[in-house]
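Look at the aromatic side chains first. Then follow them out to the rest of the fold.

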Amino acid sequence: MHQRRQKRLTQGLLDIQRLYWNVHAFWAGKRKGAGPYCRLGIVLPEGGWWNLLKLAPEQLQQKLSALNAAA
């Protein structure tokens with residue numbers, strides 16, 4: 001729906017929106033307190049979705065593999 005409102009919505013912006021949506025925790029409803037990635041059992045580093053964007057791909061892969069191997 002957002003794509004219809006934006007004439008020049010780039011793939012990068014869509015990727016950022018997808019990351020935000022999949023990481024943030026819902027405030028109400030049956031999924032309250034958990035986001036889509038959390039419900040799938042994926043453990044993410046602390047600090048929120050914005051800090052995930054700041055990491056280099058190699059750093060992110062290293063942190064995710066360490067966290068999810070321990071879980």
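Which residues do ring pairs link into a cluster? They are Tyr20, Trp49 and Trp50. Rings of Phe, Tyr and Trp (its six-membered ring) pair if their centres lie within 6.5 Å; planes under 30 degrees apart count as stacked, over 60 as edge-to-face and the rest as tilted. By this rule there are three aromatic pairs. The Tyr20 and Trp49 rings have centres 5.3 Å apart and planes at 70°, so they pair edge-to-face. This pair links distant parts of the chain: Tyr20 lies in helix 2 (residues 11-23) and Trp49 in helix 4 (residues 49-54), 29 residues apart.

Trp21 and Phe26 are also edge-to-face, because their ring centres are 5.5 Å apart and their planes stand at 80°. The charged end of Arg31 sits over the Phe26 ring, 4.2 Å from its centre. That term requires NZ of Lys or CZ of Arg within 6 Å of the ring centre and within 35 degrees of the ring normal.

Buried means under 20% relative accessible area, exposed over 50%, partly exposed in between (1.4 Å probe, protein chains only). Phe26 is buried at 11%. Trp21 is partly exposed at 47%. Tyr20 is partly exposed at 37%, and so is Trp49, at 24%. Buried residues make up 15% of the 71 residues in the chain.

The chain has five helices and zero strands. Helices (H or I, at least four residues) and strands (E, at least two) are DSSP runs, numbered from the N terminus.

This is a predicted model: local features need pLDDT of at least 70, side-chain atom pairs count only at pLDDT 80 or more, and totals for chains, interfaces and linings use all residues. Residues are numbered from 1 along each chain as its sequence is written, and side-chain values use heavy atoms, with hydrogens and water left out.
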